[in-house]
Amino acid sequence: MKLLHVIFSSVVKPQDRFLGTTKDVRGHTQYLRERGIEHEELVLPVRKERCFREALEKLDPSRFDVVLTEGTYYPSVVRDLKRRHPRLRILMRGINAELLHWLHSAHAALRFDNLRRVLFDLYGAAAFGLADLRCGWHADCVLSICEWEARRYWRWATTRARVVNVPYFLPDEYLRDIPQVHEKVPRLVCMMTTKADRPFLVDAARSLYRLVGALDGGEPEWSFSITGDFKGERLPPCPRVKVEGFLENPLELLAASRAVALLSDYGFGFKTKLLEALACGCRLLVTRKLFSRLPPPVQRYSIVVDPRSVGSFREALARCKSPFPQGDPNRELRQEAYAALDGLLGAQAPASEGAQAARLDAARG
């Protein structure tokens, strides 16, 4: 079997190494390598159908048995590929429930952005939602990024038989970058991204600033940080929150912290920064709606906070002082993802896989 892995340029840019899509793609790369599946990467400069078409003109699709595209951005190309090469199996990664994701962004933009942004997000909801629907019917299988979207979103876009849950997991190359620390400090981090000026991320930052400000000097042993590039003027003033800016390796900050907050109901897909936090031994502070969409292995380490209640926030901070629970949610999700891909691609786990996992855990301490 030979597989064509269709990715996009941000995946190979060092400055975008910690983007959620990059981490998700590299998880699939790790799987293909560990299973010994012959594959080629097709790097598109932009996630647009014309770029995919132009790239296909320079290679022969009949050389491949499977095409795996990261994202559901290419419905017309997938339709044409299936018509010309009916033997070709096409798997498409559903990065987000795009229709709901863009509608959430538009709703958030109504609260603290301009009309132009609202209209832009509504257009995105229509365009990308339609692409999800078309890809759901043209592709052989949609790989949902979490169980909630497999059950609550993709079942409306295609048949149940065409949807397989392949949960996100943090690849080993990131786990190896987590430094060992001997003592954590009582610090809460709000993780943004390299492209943080998005309405639902701004909503999470505003919730943190509002709650920290409402502490009014309380919980003095705690410090608060926010990472990523964003426009500070969109946030309420709160000098107690330290702006860390863009970090080349945010895992270093997380490894020495006790908790990570993502206090917004907005956004779909999988919040990859949450699994990074768990891998670094941080508890998670999330809203109730976000909690309901998280995989069970992640829910076990999450504390629900009401962003409107400083009392709820205080209680969550107190719970974060307790020892980090036993377990490895990332391994659970990785095993589930590998099993799903094995079923789709007919691959088998090497006998040494358990030993490899044990060695990695030992290296992490």
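Predicted model: local features only at pLDDT ≥ 70, side-chain atom pairs only at ≥ 80, totals over all residues.
Residues are numbered from 1 along each chain as its sequence is written, and side-chain values use heavy atoms, with hydrogens and water left out.

Two packed helices are described by the angle between their axes and the distance between the axes. Helices (H or I, at least four residues) and strands (E, at least two) are DSSP runs, numbered from the N terminus. Axes are lines fitted to C-alpha atoms, for helices over the stretch in contact, and angles run from 0 to 180 degrees between N-to-C directions. Helix 4 (residues 98-112) and helix 5 have axes that come within 7 Å and cross at roughly 170 degrees. Helix 4 and helix 5 are therefore roughly antiparallel to each other; angles over 145 degrees count as such, those under 35 as roughly parallel, 65 to 115 as roughly perpendicular and the rest as oblique. Contact (heavy atoms within 4.5 Å) involves, among others, Trp102, Leu103 and Ala106 of helix 4 and Phe120, Ala125 and Phe128 of helix 5. The residues of this contact comprise 11 nonpolar, three polar and four charged, where Ala, Val, Leu, Ile, Met, Phe, Trp, Tyr, Cys and Pro count as nonpolar, Asp, Glu, Lys and Arg as charged, and the others, Gly among them, as polar.

Helix 5 (residues 115-138) also packs with helix 3 (residues 75-84), at an angle of about 15 degrees and with the axes 9 Å apart. That makes helix 3 roughly parallel to helix 5. Pro75, Ser76, Val78, Arg79 and Lys82 of helix 3 meet Ala131, Arg134, Cys135 and His138 of helix 5. By class, four nonpolar, two polar and three charged residues make up the contact of helix 3 with helix 5.

The whole structure holds 13 aromatic pairs. Rings of Phe, Tyr and Trp (its six-membered ring) pair if their centres lie within 6.5 Å; planes under 30 degrees apart count as stacked, over 60 as edge-to-face and the rest as tilted. The ring centres of Tyr31 and Tyr338 are 5.1 Å apart and their planes stand at 80 degrees, so this pair is edge-to-face. Tyr31 lies in helix 1 and Tyr338 in helix 15 (residues 329-345), so the pair ties together parts that are 307 residues apart in sequence. Tyr31 and Tyr338 are buried (under 20% relative accessible area, with exposed over 50% and partly exposed in between; 1.4 Å probe, protein chains only). Tyr73 and Tyr74 form another edge-to-face pair, at 5.9 Å centre to centre and 75 degrees between the planes, and both are buried. One aromatic cluster consists of Phe52, Tyr73, Tyr74, Trp102, Phe120 and Phe128.

Arg26 lies in helix 1 (residues 20-34). With 15% relative accessibility, Arg26 counts as buried. Leaving aside residues up to four places away in sequence, Arg26 touches Ile7, Val11, Val12, Glu41, Pro171 and Glu173.

Most residues other than glycine have a negative phi. Asp216, not a glycine, has a positive phi of about 55 degrees and is placed in the loop between helix 9 (199-214) and strand 8 (223-227). Glu219, in the loop between helix 9 and strand 8, has a positive phi near 50 degrees. Asp216 counts as exposed at 71% relative accessibility, whereas Glu219 counts as buried at 18%.
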